Structures are given as C-alpha cells and as structure tokens.
Amino acid sequence: MAQEETNSAEEMTVPSMELLEAELKKEQYRSNYSRVLKSTVFSLLVVAAIAVLIAVLLLPVLQISGTSMTETLQDKDIVVAVNSSKYKTKDIIAFYYNNNILIKRVIATAGQWVDIDEEGNVYVDEQLIEEPYINEKAFGECNIELPYQVPDGKCFVMGDHRATSIDSRNTAVGCVSNDMVVGRILFRVWPMSDIGVIK
C-alpha cells in the first residue's frame, strides 16, 4: 500500500509532454525576442551614428539667424550645406566666426581685387559684377581701404542685404580663411513653401 502511494506521488510530479513542449516554446520565444530586440537596437544605433556623421561631416544642416542674407535667405530658414573647400564667386558659404557660424556670399577669391563705389556697385578685378540676388545696393559698413586685394588662402564675402550686413567690407569680420569654411549652402529644407536649390 505504501509503495503504491509513493508511485502515485512520483507520477503527479512528472510534467506532461505537452507542458514540457509549451515551456520549451516559451523559452525559445523569450530567447528569440531578446535576440531580435538587441539586433534592432544595435541597428538603430548604427543608423543614428551614420546619420550624425553625415550631418556633421558631409551635409551640415544649419538654421539661418538674422537678416544679412535677405531676400535670398530669411531668418529661421533651415538649409543644407555641402562640406567642400571648393567654391567660386557668387557661391553662398557658411563659415566659423567667433564660435558662431555666419552665412555670406563669396564675392572674390585669393589674389583678386575688390572695389565698391559709393552707390554700392561691386567690382572684381575692375569688372562690375552682376548681382541679381540683391534688391538694393549699398556701400554699407565699410572701413577697409579700397580697392582691396584678397589675401592668399582667403575669400571676400558679403551679405545680400548690403545695408545691414557686417562682412568682409569691415575689419570686424574681414576676409574668411579657407580652413574656416564649413561648406557651400546649396539647398533649403524649411520652410516647406520654399524648399529647393538656393541660387
């Protein structure tokens, strides 16, 4: 009689085959879920890191602050720059200045001569340059001696809103060193109504 009770107790403690399979499936699900979650998080971190590197090194995204580039660029516009040290006259560039980033238009490059008359007409190497991007010409805040030759390794920049822009016409900013250039401004991404290539 005692033997039968022991056997009966042992039979009750042994789980059924269905219960074992269900537990096995639960464990496999937990293991798979954990693996997929880790893989997904890792993938998202890699994608985020790549996006940050592209944004910082190749395509910096910048917000315009101020009115020195109106009407071409407005305050609060968001633009994309291409990280490049190659630029030419009339390109818009972003550059470092006193821990800030300024955005201006290239007027002349190293070795060229810049002259500005009282009416705000700009001459490069004695040739009047066409500037369809400005609404109103102005001599502006100019305290440099004209005509002015752009030093080696630098470029002469001006804002499109000539009356208010402080730029290479003033010694407070001066010419921009090539190694201070962040990149060329090519594309506006905000506001939505003005998305497109910047000229």
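Reader: Ile195 first, please: what is the relative accessible area of Ile195?
Author: Ile195 has a relative accessible area of 42%, so Ile195 is classed as partly exposed (between 20% and 50%; under 20% is buried and over 50% exposed, with a 1.4 Å probe and protein chains only). Please note that this is a predicted model, in which local features need pLDDT of at least 70, side-chain atom pairs count only at pLDDT 80 or more, and totals for chains, interfaces and linings use all residues. Residues are numbered from 1 along each chain as its sequence is written, and side-chain values use heavy atoms, without hydrogens and water.

Reader: And where does Ile195 lie?
Author: Ile195 is in the loop between β11 and β12 (196–197); strands are DSSP runs of E, at least two residues long, numbered from the N terminus.

Reader: Which residues form the nonpolar patch on the surface?
Author: Leu186, Phe187, Trp190, Met192, Ile195 and Val197 form the patch, and together they have about 590 Å² of accessible area. Patch members have over 30% relative accessible area and no salt bridge, with nonpolar side chains joined within 5 Å.

Reader: Which strand supplies the largest share of that patch?
Author: Strand β11 (residues 181–190) does, with three residues.

Reader: Changing topic: is Tyr87 buried or exposed?
Author: Tyr87 counts as buried, because its relative accessibility is 15%. Tyr87 sits in the loop between β2 (78–82) and β3 (92–97).

Reader: What separation do the C-alpha atoms of Tyr87 and Arg184 have?
Author: Their C-alpha atoms are separated by 7.1 Å, although Tyr87 and Arg184 are 97 residues apart along the chain.

Technical notes. Patch = residues over 30% accessible without salt bridge, like charges linked within 9 Å, V, L, I, M, F, W, Y side chains within 5 Å. Areas by Shrake-Rupley, 256 points an atom, 1.4 Å probe, with all protein chains shown as cover. Salt bridge = Lys/Arg side-chain N within 4 Å of Asp/Glu carboxyl O. Helix = DSSP H or I, 4+ residues; strand = E, 2+ residues; numbered from the N terminus.
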